[in-house]
Amino acid sequence: MTHAVDRWLYPTDQGLYCAPGGFYIDPHRPVDRAIITHGHGDHARSGHGAVLATAGTVEIMKVRYGADCAGSFQSLAVGDALTLNGVGVSLAPAGHILGSAQIILDYGGKRAVVSGDYKRASDPTCAPFEVVACDVFVTEATFALPVFRHEIAAGEIAKLLASLATEPTRTHLVGAYGLGKCQRVIKLLRQAGYDRPIYLHGAMVALTGLYQRLGVDLGDVRPVAGNDAKDMAGGIVLCPPSALGDRWSRRFGDPVNAFASGWMRIRGRARQRGVELPLVISDHADWPELIETIVATGAEEIWVTHGREDALVYHLASLGRKARALALVGRDEEAE
Amino acid sequence: METFATLLDGLATTQSRNRKVALLGRYFRATSDPDRGWALAALTDGLPVRVPLRRMLADLMLRVIDPVLYKMSRDYVGDTAETVALLWPDTAAPRATGDTPTLDAVVMAMSIGTIAERTEALRTFLDALNPSGRWALLKLIGGAPRVGVSARLARTALAESYGRDVGEIEEIWHALDAPYEALFRWLDGVADRPDPGLRPTFRPVMLAHPIEDDDWPKLSAADFAAEWKWDGIRVQIAARGGEVRMFSRQGDDISAAFPEIRSAFMAANCVADGELLVMRAGNTIAPFNDLQQRLNRKTVTAKMMRDYPAHVRLYDLLFEGGEDLRASPFIVRRQRLEAWHAHNHPPLSDLSDLVAFETFNALSALWSQARDDGIEGLMLKRRDSAYQAGRVRGQWFKWKRAALTLDCVLMYAQRGSGKRSSFYSDYTFGVWRTKPDGGPNAGDELVPVGKAYSGFTDDELRQLDKWVRTNTTESFGPVRAVTPGLVFEVAFDAVQRSARHKSGVAMRFPRIHRIRWDKPATEADRLETILALITPISQPVA
Ligand SMILES: [Zn+2]
Ligand SMILES: [Zn+2]
């Protein structure tokens, strides 16, 4: 017995719903049962009854929202499987951030994969993406325009270190998303041989601590608070993008404002934010990765969520794939 | 091309002037001829390359990308050169550094051959570069890279990096051609300064200091001549051998947009200093806004010339024939100017009359009555002053009228640049008016009348910044809209009609005079008050 996938998996006001399983995936409103792809705010929210996710994602949610942010937690390891009301549920790494997973659903002889957010480029802070063959692939589309081709992250880190060498007295403020990007940038700096202390904006301290507790060695990281601006001069400070050019940044005098984001591929975006050192480092798939991945899944149907659906849907159609935009509410442009 | 691309990237992201100058200096010193000269041309007068770039790119892009995806990308990025740079396929094998086309190779290939051949050459260049190199390539060919560097700043950086005065370069600049090899040979110290020969060139302009209160006791009226400063832009006209150039005060050649001025001075052999104005029938000077319609253009239409007729009002004569008058006293040059003008009388020109006065008090009386005449200021020039480059102390003074002030309400604040980039330091303010078409009981609304980013202390800036952040109603990009709750006493020189502003008026030189923390926004001024201050079309003052 086979059922068209959209008969048992479809968007509702709460989010993407698996009807026979009785659970939602990344719901944006509190629900009884939720499976969470990863810990970013537009996917993981507080207030659900039962939450199923990887152990890493569960820990992230507890740090972000408190230990009792859901009625109960169940962690499922990547590669393990379970059955919920006849729906087979298993996880595969998404390569997006620590703990991020694609959710594989098997029902009625069909397989759907909800990938959450993902990337194909290597990331020393999380397991690499695995292609899972499926009938329906649900993909993100954050950077779904052919102009988005991310640089190799190590090369961007080299740019940052080169700037430190030419401007040795100026503090380098690196704007980065606080979960995933921040820790990846630190790890990449360590891999590039940078061993001085790295300073953190207060908003990044807790999650960075969690990464370290979960075994990601980030070296000597310290909160900005309690340090003299003089001691940080010529060093690297990570902060949320919104803190660049904010009052908080004044303590550093005349810093070099850097921003690690896929958006930095576009000059206007860097200019808008007054970024002096754009670093094209992204935790999302760029255009070639999106196409390559979607084709590799062999999916007959592709459902496109948050981002620039129109270009991707158009292009997949021209490749002879059935693609449609999945209207999910509550997904803003990824703060990347 | 890689070093040029790195330079453009650096210039585009650096806001500090000094850092831009340092980047340029390093580039000029590290790059060989003729590439550094082509780069200098790209940042100043443009390359001598004329290709239908848009058409060539449209042709090339059809070969590499679906037109619908191209259009979506172009719409998102907003700039054709950048879109192409990002979309062009990266070739498989990474190239060794230094293996990219030179600027010279690009200029040569874009200067010869059919359009099809040049398109093919452009394709091979795009293939050989990375995204930032491709962007630099297209900006190089397309002209006007828009990286926040004026032609003057590029020349200044060049001068500074070789320990020269920018005036030394400006004086010969317009007699030089890209790629400026003779110029670089001189800067490198292996040749004499290039001789401008017979071509008209720019001479660094003499500027005035604003007069301060404590200057007056040191000055004696008998030592000074006075003349009106007209509300246009300061220009220098250099004419020689049938060739005429008009330069801005920064040494930019603006003659292309003013062919009528060039014809007017065609027969002349001189270098003269004056004010460029739009002047209508009956010698009425149009508001500054009208002149702006003619500025910053590469070409001009017959209609523009009819609607905004250009005129030059002369102040000074630097050269007559081959004779350099700059060392002569002002009053001698003035006599020479009068005699020269009476004899040659170039069309579309007249002289700015000297204002006769006995005492500064008498002059002040004349001055206060001149407000109605739409004059921008009064110049005091030492009778014995030689014409020297720059702002020489104690020689020329600019006497601006006491400012008008109005109470305006802060509406929008924008982040500043450079050291001010973390502060909301650029303020747009407005005044009240009755909501249009709202009937007799319509409420009031604010309409913007000006923008200012000066006139406050660092402490006040901090307080203003804090106020903006706590009273934001909406933010878009670097701009925040605020609740109407803070009053500025705004000083300005004049008010003119402006079709470009919603309020229909534009202030000249607005600055914040005082911050009225105490004053309720509802008590700020109204649009009617400003309308009453509009400067009437000026009559020349005899
Ligand atoms: Zn995410
Ligand atoms: Zn997301």
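Helices (H or I, at least four residues) and strands (E, at least two) are DSSP runs, numbered from the N terminus. This is a predicted model, in which local features need pLDDT of at least 70, side-chain atom pairs count only at pLDDT 80 or more, and totals for chains, interfaces and linings use all residues. Residues are numbered from 1 along each chain as its sequence is written, chains are lettered from A and ligands numbered from 1 in the order in which they are written, and side-chain values use heavy atoms, with hydrogens and water left out.

**Backbone geometry**

- A:Asp26 is in the loop between β3 (23–25) and β4 (33–35) of chain A; its phi is near 50°, a positive value in a residue other than glycine.
- A:Asp26 counts as buried because its relative accessibility is 4% (buried means under 20% relative accessible area, exposed over 50%, partly exposed in between, with a 1.4 Å probe and protein chains only).
- B:Leu348, in the loop between α16 and β10 (349–351) of chain B, also has a positive phi, near 55°, and counts as partly exposed at 35% relative accessibility.
- The peptide bond from B:Asp33 to B:Pro34 is cis, with omega near -5°; B:Pro34 lies in the loop between α2 (17–30) and α3 (35–43) of chain B.
- A cis peptide bond also runs from B:Ala178 to B:Pro179, with omega near 5°, and B:Pro179 belongs to the loop between α11 (166–173) and α12 (181–187) of chain B.

**Sheet in chain B**

- Five strands of chain B form an open sheet in the order β2-β14-β12-β3-β11, with mixed pairing (two strands pair if DSSP finds at least two bridges between them).
- The edge strands, β2 (209–210) and β11 (354–355) of chain B, each pair on one side only.
- Strands β3 (residues 224–229) and β12 (residues 377–382) of chain B run antiparallel and are joined by six bridges.
- In β12(B), B:Leu380 stands opposite B:Ala226.
- Helix α16 (residues 330–344) of chain B lies across β3, β11, β12 and β14 (396–400) of chain B, at about 55° to β3(B) (axes are lines fitted to C-alpha atoms, for helices over the stretch in contact, and angles run from 0 to 180 degrees between N-to-C directions; contact means heavy atoms within 4.5 Å).

**Helix pair in chain B**

- Helices α5 (residues 67–77) and α6 (residues 80–87) of chain B pack at an angle of about 125°, with their axes 9 Å apart.
- That angle makes α5(B) oblique to α6(B) (under 35 degrees counts as roughly parallel, over 145 as roughly antiparallel, 65 to 115 as roughly perpendicular and the rest as oblique).
- Residues making the contact include B:Tyr70 and B:Arg74 of α5(B) and B:Val84 and B:Leu87 of α6(B).
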